[in-house]
Structure formats: structure tokens, C-alpha cells
Amino acid sequence: MFKIKKFPNAFTILLGLIVFFALLTHILSAGQYERVFNEALGRDVPIPGSYHQIEASPQGVLDTLMAPISGFYDPATNIVGAMDVSLFVLMVGGFLGIITKTGAIDAGITRIMIRLKGREIMMIPILMTLFALGGTSYGMAEETLAFYGLLIPIFIAAGFDALVAVAVIFVGSGIGTLGSTINPFGNVIASNAGGVDFLDGFGLRLGILVIALIIGCLYVIRYAKMIQKDPSRSLIADINKANADHFLANRNDSDLDVALTLKQKIVLALFAATFVIMIYGVSTLGWWMAEMSTLFIVMGIICGIVGRLSEDDLINSFVAGAADLIGVALIVGVARGIVVVMEAGNITDTILFYSEGLVAGKSSVLFINAVYWIEMLLAFVVSSTSGLAVMSMPILAPLADFANTGRELVVTAFVCGIGTVLFVTPTYGVLMGGLAIGRVPYITWLKFIGPLVAFFVVLNTIMLSLGASVLG
């Protein structure tokens, strides 16, 4: 049986990188660029060719040990680092915990499946679209694990195999990550780290989302129809009977006849309205992390009241939801610690100086595709979207200034890069967890998803190149 060697945890990798960059402050020359305010960008940008060396400030043991704490806030000046972003992550988690507790999402999906009885193939594009909307809007990932047990028996009973159900859930939400539009854990954090508004580049990412979703749905539908006609062509044909015995053993169709109540319909409407309000607040009212955090708290309470949750259920579900994302909140600060060490050691501009030489004279098309491949390589070992965002964006985004490319395009290259790799990397717990629940071997998954991932690579390359040519 094929076994995957255990990869280091994301925290271990990030802590190792803090130590690595602290050591670099003893090796690399300290230096700075001269900076000038760019009215179009609304910020100071480095002036190419202005790099000069300054007095070295190597980071010692205490500086290195304090870096993860300094990633949240500077203890010397009390200037906020990643603390506001981490708090925002926790508030989003609490909001999602309340929504889940109301049962609105589960009931909505169940009603859709009941209405499609006899036309089960239609479940694929509908559910994939819903999961993609979850991925692109609020970074739906770990939350999908709750749906495998619900959907796999239904798909098997409809004549498909467990792989179809796994693909509907994971490919759907994965495409949402690949084409993140307002994902707070993807392009919002990456845009924040890169110094741009998260709505910049929205159109290009929306285009990637739509195209990827259409092709993804057709790909899964093609496989589903093939095995519905000839079950022997299933990639897991040898274990389909065992899967059917396992997943259908305690199935009771009456359990699925759950009505979508008026209160649940209102909760779903409020859920969607929350993200509309967030977009309006950021784009028009000048909102940022504090205001958005407040929005999710208020809307979570309102949804809980509408869903008729008791006081204890409302509070406990909010706390539980926030607890589910505590790892994400912590990893944001730890990853920012890398930047703290680099900036305190004055090597950030030195690394930019070396990188400037790599992109000097390169077209914006070559530059943005290089960023895309760099992000894919990094994502194989750091599968945390938020962690990789705050680790890589402060380094890669400023390079766009040298390549005459918008920083928002670098953010798009980031979400495309990690979005592509999360379909295959064994370091991603959501993928391995979903495959384990669905009893789908990892090697079988790679055989199934390989051609689709290859298409995504081509799609992203074309879209990024067009973006660099037209928008860069």
C-alpha cells in the first residue's frame, strides 16, 4: 500500500523559516532602497537602482525567539502587525459557527437533492457551484469535511461512486480558492500583505473562477456519466462494493426529507448579504479589518437570533467556530514574524535587490508567470493559504514595481499558485481528510485530478499573461 511520508507542520516550517532568515541577517549585507511616494498606488515604492548598503543589524537569539510575538504587534512601539488580521479571522470563524449551528446550509443542500431526484446528474454542477461560491467568498475549506458523510451515500445510491462525491466537494471548493474573489483567507490577507485593496484584480480572478468552474463541472460530469453507464470503468471499481456496504448500511431516506424552514431561508439570505455589505463597506466606506470584524460579529448574532438559537447555543457555536480557526489566526502572526526578522535585520531590500536583477529587462508576462510558479513551489511545503500569503507577498509584491506590473496581479498569481497546488499536495489536511472519509486512495485521486490540474496550469498562465499584457 502506498504510504505518504509525513511532512512538517506549517507552524514548524514557518518557525524554521524565521530561524533561517535570522541567520541570513548575519550573512547578507544590510541595505535599503530610497523610496518615493507613488500617487497612483498611494504608497511609497522603492526606486530601482537606488539600493545602498547600511550598517548591519544581525538578529540575535532573543530577537528570533520574539519574532512570532512581534508578528502580531511590535512590543517596543505597540504598533499593530498581524493582530487585526488574526482577530478578523476569529470573527469570521465565529460567524460561520453560528451559521452552521442553524442548520440552514445543510437543509438547503438537502432540499436541492430531493428536488433533483431522477435527475441526479444535475447535483454535480449545482453543488460544485455552491461549494465554489463558498470557496471564493469566505475560503470554504475545513468546513467541507462535514459534507462528505452527507453527500457520499446519496451519490453512491444514485449510481455514482465515492470519487464523484469527493470530487464534487473538493474540486468545487478548490476552484473557489483557485479563483478567490473576496476570500478573506486568500486574496484579502494577500492583498493586505501586498499593500493593495483586495478588490483590485477582482475582474481577472472572477474570469478565472468562471472558466475553471465550467470546465471543472464538465470534467466531473463526464466521469460520472461514464461510470453510471459502465461501473467497471470506475477508478475505484475494486472497492465500490465495500464502499456501498459501508456508506449505505444505515441509510434512511426519510432522514433526508428535511424542510428548509422560513427561518433557515432568512439565515441564508443574511449569510449572502453579509458579504455584499462587506464589499460595499471596503470599496465605498473605507472599511478595513476592524469594521469587517464588527460586521461578522453583528451579522452572526442576527443570524443566531433569526435561527432561534438559545443564548448558550449562540455563544457556544460562535466560540466553537472561532476555535476551529485559531490555527489560522496564529499562523498569520507567526508568518508575519518572518517579515519582522527580515526588516529588523535590514535584509528585505537586499533580497529585493538580488531579485531586481532577476526581473530587470524581463517583460511583465515573464515576471508574473515566474511569480505563479514560485508560489506553486512554495505551496507544496506551506499549504496554509493565509500563512503563505503573509510570508510571500511582502517579498514578491514589491518586485511588481520593478517589472511595471500591478501588485494586484501578483496577488492573483498567488491565489492561482496555491489554488493549483492544493488539489494535489499531501501536506494539505483538507485534501487528505476528504480522501480518507471518502475511502479514495491518494494515488487514485492523483490519476483522476491530474488532467484537470494540467488544464488549470494552462488556464492560469494564459489569464495571467493577458492580465500582464492588458492591465499590467
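This report describes helices, salt bridges, a cavity and a pocket in a predicted model.

## Basis of the description

The model is predicted, so local features need pLDDT of at least 70 and side-chain atom pairs count only at pLDDT 80 or more, whereas totals for chains, interfaces and linings use all residues. Residues are numbered from 1 along each chain as its sequence is written, and side-chain values use heavy atoms, with hydrogens and water left out.

Helices (H or I, at least four residues) and strands (E, at least two) are DSSP runs numbered from the N terminus. Buried denotes under 20% relative accessible area, exposed over 50%, and partly exposed the range in between (1.4 Å probe, protein chains only).

## Salt bridges

The whole structure contains 2 salt bridges, each defined as a side-chain nitrogen of Lys or Arg within 4 Å of a carboxyl oxygen of Asp or Glu. Side chains of opposite charge can pair when their charged atoms come close. An α-helix has 3.6 residues a turn, so residues three or four places apart point the same way. Aspartate 245 is partly exposed, at 46% relative accessible area, and lysine 241 is exposed, at 62%.

The other bridge links the side chains of aspartate 401 and arginine 407, at 2.6 Å from N to O. Aspartate 401 is buried, with a relative accessible area of 17%, and arginine 407 is likewise buried, at 8%.

Rolling a probe the size of a water molecule over the atoms shows where empty space is left. On a 1 Å grid over the protein atoms alone, a cavity is a set of points where a 1.4 Å probe fits but cannot get out; a pocket is an open set with protein on both sides within 12 Å along at least five of seven lines, and lining residues have an atom within 4 Å of a point. Grid points are joined across faces, edges and corners, and a volume is the space filled by probe spheres set on the points. The structure has 1 cavity of 30 Å³ or more, and the largest cavity holds about 70 Å³. Its lining includes Met140, Phe170, Ser173, Leu422, Tyr428 and Val430. Helix α7 gives the most to this lining, with 4 residues. The lining comprises 7 nonpolar, 4 polar and no charged residues; here Ala, Val, Leu, Ile, Met, Phe, Trp, Tyr, Cys and Pro count as nonpolar, Asp, Glu, Lys and Arg as charged, and the others, Gly among them, as polar.

Alanine 167 lies in α7, which spans residues 162-178, and is buried at 0% relative accessibility. Beyond its neighbours within four places in sequence, alanine 167 is in contact (heavy atoms within 4.5 Å) with Gly172, Val220, Trp445 and Phe448. The C-alpha atoms of alanine 167 and leucine 435 are 9.5 Å apart, although 268 residues separate the two along the chain.

Just after α19, arginine 439 has a positive phi of about 60°.

Serine 465, in helix α20 (residues 442-470), is buried at 16% relative accessibility. The side chain of serine 465 reaches the backbone oxygen of threonine 461 at 2.7 Å. Apart from residues up to four places away in sequence, serine 465 touches Val365 and Asn369.

## The largest pocket and helix α8

The largest pocket has a volume of about 870 Å³. Its lining has 42 residues, of which Val339, Val340, Glu343, Thr348 and Pro394 lie nearest the centre. Elements giving two or more residues to this lining include β1 (31-32), β3 (43-46), α8 (184-194), α14 (326-344) and α17 (385-402). The largest share, 7 residues, comes from α14. By class, the pocket lining has 22 nonpolar, 11 polar and 9 charged residues.

Helix α8 is largely enclosed by the rest of the structure, because 10 of its 11 residues are buried. Those buried residues include Pro184, Phe185, Asn187, Ile189 and Gly194. Just after α8, glycine 195 takes a positive phi of about 80°.

Terms used:
A polar contact is a pair of N or O atoms within 3.5 Å; within protein, one must be able to donate a hydrogen and the other to accept it, and residues adjacent in sequence count only if both atoms are side-chain atoms.
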